[in-house]
Structure formats: structure tokens, C-alpha cells
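Open the model in your viewer and keep the selection tool at hand. We will go stop by stop.

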Amino acid sequence: MNDHAMPLLRLHDTQALLASGSLEDNLHSHAELARRLVGATSCSVMLLNSDAPDDLRMRLCASAGEVPPAASEALVASGEGICGRVLA
């Protein structure tokens, strides 16, 4: 495949992903697509909770590849770890 075809293939994959499925299915598909596009062994999608606007925390909502079991239970606050720094 030449260098000009790859962006079109990526665009097509992204369009197909957005056109179908539930939010949960799409998040898992997004994680898998992102993992493959960058050649990573794993990828995770974390979203903010909306229960307490004054205490926002992120939780794992989807993943692709292997992630530590504790990650599914973790709540990450602003400033905690890499994800928390992104939130800050």
C-alpha cells in the first residue's frame, strides 16, 4: 500500500466506526483502532464521571490489548499519574 492510500484507509475505518454500533461498542472499536494506528500493545479510553462536578475523576470505559486488572476499578483525579495530568 502506498503512502497516499493509508490516510484514506484510516478515514474509511473511522467513518465506518462512527456510523454504527452502541457507545460501548464504538469506544472499544476506537481503542482498538487507535492501538493499531500507533502500533501500541494496548490502549484505553477513560471518561470523566458526572456524579460530582466538584470532584471530577476519570474511569476506564474501554480498552484494547492487555491492561492491568486494577485499571478497571481505578478512579483517577486531576493531577494523578499521566491521565490525571492530562485532566489537569
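Which residues does Arg35 touch, not counting those up to four places away in sequence? Select Arg35 and look around it. Arg35 touches Ala40, Thr41, Ser42, Cys43, Ala64 and Gly65; contact here means heavy atoms within 4.5 Å.

**Before you go on**

This is a predicted model, in which local features need pLDDT of at least 70, side-chain atom pairs count only at pLDDT 80 or more, and totals for chains, interfaces and linings use all residues. Residues are numbered from 1 along each chain as its sequence is written, and side-chain values use heavy atoms, with hydrogens and water left out.

Now colour by pLDDT, the predictor's confidence in each residue, from 0 to 100. The protein chain has a mean of 85, and 95% of its residues reach 70 or more. Confidence is lowest in helix H1 (residues 5-19), with a mean of 76. Confidence is highest in E2, at 93. Where pLDDT is low, the predicted coordinates should not be read in detail.

**Stop 1: helix H2**

Select residues 23-38. This is helix H2, with 16 residues. Helices (H or I, at least four residues) and strands (E, at least two) are DSSP runs, numbered from the N terminus. From first C-alpha to last, H2 reaches 22 Å, close to the 22 Å expected at 1.5 Å a residue. That expected span is 1.5 Å times one less than the number of residues.

Arg35 lies in this helix. Show the side chains of Arg35 and Glu32: a polar contact of 2.6 Å joins them. A polar contact is a pair of N or O atoms within 3.5 Å; within protein, one must be able to donate a hydrogen and the other to accept it, and residues adjacent in sequence count only if both atoms are side-chain atoms. An α-helix has 3.6 residues a turn, so residues three or four places apart point the same way.

Next, pick out the buried residues of H2: Asn26, Leu27, Ala31, Leu33 and Arg35. Buried means under 20% relative accessible area, exposed over 50%, partly exposed in between (1.4 Å probe, protein chains only). Asn26 counts as buried because its relative accessible area is 15%. Step past the end of the helix to Gly39, whose phi is positive, near 70°.

**Stop 2: the sheet**

Show the strands. An open sheet of 3 strands runs in the order E1-E2-E3, with antiparallel pairing. E1 (42-48) and E3 (75-77) are the edge strands, each pairing on one side only. Two strands pair if DSSP finds at least two bridges between them.

Select E1 together with E2 (residues 57-65): 7 bridges pair them. Find Ser44, which stands opposite Ser63 in E2. Then find Leu47, whose bridge partner in E2 is Arg59. Arg59 also leads you onward, to its bridge partner Leu75 in E3. E2 and E3 are joined by 3 bridges.

**Stop 3: helix against sheet**

Show H2 and the sheet together. H2 lies across E1 and E2, at about 65° to E2. Axes are lines fitted to C-alpha atoms, for helices over the stretch in contact, and angles run from 0 to 180 degrees between N-to-C directions.

Is Ala62 buried or exposed? Select this residue in strand E2. Ala62 counts as buried because its relative accessibility is 1%. Leaving aside neighbours within four places in sequence, Ala62 is in contact with Leu27, His28, Cys43, Ser44 and Val45.

Finally, draw a C-alpha distance from Asn26 to Ala62. They are 36 residues apart in sequence and 9.1 Å apart in space. Draw another from Ala62 to Ala77: 15 residues apart along the chain, separated by 18 Å.
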